[in-house]
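Please look over the structure shown here before reading the briefing below. The points that follow are grouped by topic, for someone meeting it for the first time.

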Amino acid sequence: MTSTAQSRHIALPSKPPNLVKDWEAVNKHLATALPQCVTKIQQAVKGEHVSSHDSVYTGLTGIAFMEYHLSEMSLPLMDEVLTPKVLLSSADKHLARVLRHHPDFAYSPSRLSFLESSIGIATLVLARGLSTSEESIINNWQAAKDYLQATIEQVILEDSEVYSPGNKEDASEVLYGRAGLLYALLYLRKAIESQSQQGNAALRSLVSDANLAKLVDSIVSRGVHGAFSLSSEFRLEDRPRLPPLMWTWHGKRYLGGAHGVGPMIHKHMQEIFGTISWLIDCQDEIGNWPSKCPTQRGASAHNDLIQWCHGAPGMVILLSTALRVLRRDQQSLTNLDSMEKRIQRSLDCGASLIYKNGLLRKGIGLCHGVAGSVYALLASSDALDTTSKREFFTKAAHLAFLATLYEDLTSSSEMSVPDHPWSLYEGLSGACCAWAEVLCRMDAKDPRRVRSGFPGVDDLLGS
């Protein structure tokens, strides 16, 4: 790699755990760091200003989401701060505080996602409103429902117009677009299904199969148009080797979580796996992917970014999902006989690169930090490890352990402090989620059977 690429990560200062005493040390560090850091986050945000544009990505809403996420995990810890009751209470208070500083919910065509818009706040209000007694959440429940319903109706209306989505490929990604809205509806559906009374009829209608199917079809239609637009930049003889789907921005992240909609996406599987095949072709010799789509066959700019938002970690999570779907539904997926080995090779190569370069200088968050690397390796473990060979889980645990040293790394200027140091996607909250998942998996006979997933992306899918 180039010296520029080397400057983006810290060389691993130790080897992965091997002996029993090594694993005991990893367990101890994670078990100590997790409650301490959750407490540190909660103390730090007590007096912080809450922006009117607060979001799951970098705001107090994301810290509440971290607490909700941890409350659903079977943590092998007895520390009171990590009990579901305490976590839920703290999360509700944080969400209520956001609502007190948040203006009325308003529709924005450029902000449709769970992570980066009011949709995330509204979704959490609706989900928690099913069981909490927190007054601010209950008082905002109807407004959140009306806003989410109006948003869905507006999106469906836009997509029914003659020029949309047939001539657009944008507004589809998980960070800002329709894939993020799809995640919100899946999250809400899961919350409703966990309630004995199944929520009310109005809420169930928001997450109906019809609404999910329309969103999926819109995203795919936009992907088809994006692929058509891309083909115009290539010679006619090269066009058959181009992807069936293509989107602006972080389109591939849609594929990574989309199989949570089950039968609604099954009719699109050939296009999806055709796109995955093309993405595998784009992988470079060291195992990374370009940050921009190649403009001619076989030519793409070198990419030294190895983080969830750009490069191998996001792709590895996609490939892990694709491999598990392929194995599960192989009998019903035709003309995909050669895909399994191709995905395995690509996944193995990408995951190995992530481990080598996963201790990122940008910090320990999910988007462009170490926590994103840990989740990518956990996803690789889900797809590639066996009960007797836990190569990628071991590497994930090692990176998680090294992330507990973040204060020493920042004080020595080896690691930078992110703009939002306590947040979910840039800061410490994301690391807490990753540490918790590693701890839960360490306590299991088969780590692949204890998965919560990347918060806000693929944490709804189970094993």
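**S413 and its setting**

In this predicted model, S413 is found in the loop that runs between α18 (406-411) and α19 (428-442). The residue has a positive phi of about 65° although it is not a glycine. Most residues other than glycine have a negative phi. S413 is also exposed, because its relative accessible area is 64% and the cut-off for that class is over 50%.

**The chain as a whole**

- Of the 463 residues in the chain, 57% are buried.
- When contacts between residues at least 6 apart in sequence are considered, 72% of them join residues that are at least 24 apart.
- The chain exposes about 19300 Å², and carbon and sulfur atoms supply 50% of that area.

**The annotated binding site**

- The unreviewed UniProt entry places the feature "binding site" at C309, C367 and H368.
- These three positions are spread over 60 residues of sequence, yet they cluster in space, with a largest C-alpha distance of 6.5 Å.
- C309 is found in the loop between α13 (269-282) and α14 (312-328), and this cysteine counts as buried because its relative accessibility is 7%, under the 20% cut-off.
- H368 lies in another stretch of the chain, the loop between α15 (339-357) and α16 (370-384).
- With a relative accessibility of 18%, H368 is under the 20% cut-off and therefore counts as buried.
- Leaving aside neighbours within four places in sequence, H368 is in contact with Y57, Q307, L360, K362, Y425 and E426, and also with C309, which UniProt lists under the "binding site" feature too.

**Helix α16**

- α16 has 15 residues and reaches 21 Å from its first C-alpha to its last, which is close to the 21 Å expected at 1.5 Å a residue.
- Because 14 of the 15 residues of α16 are buried, this helix is largely enclosed by the rest of the structure.

**Cysteines**

- The structure holds zero disulfides.
- A disulfide is a covalent bond between the sulfur atoms of two cysteines.
- C282 counts as buried, because its relative accessibility is 14% and the cut-off is under 20%.
- C440 likewise counts as buried, because its relative accessibility is 7%.

Methods
Residues numbered from 1 in each chain as written. Predicted model: local features only at pLDDT ≥ 70, side-chain atom pairs only at ≥ 80, totals over all residues. Heavy atoms only, no water. Disulfide = S-S within 2.5 Å. Buried < 20%, exposed > 50% of the residue type's maximum accessible area, 1.4 Å probe, protein only. UniProt positions renumbered as here; feature names shortened; annotations may be inferred. Helix = DSSP H or I, 4+ residues; strand = E, 2+ residues; numbered from the N terminus. Contact = heavy atoms within 4.5 Å. Expected span 1.5 Å × (residues − 1). Areas by Shrake-Rupley, 256 points an atom, 1.4 Å probe, with all protein chains shown as cover.
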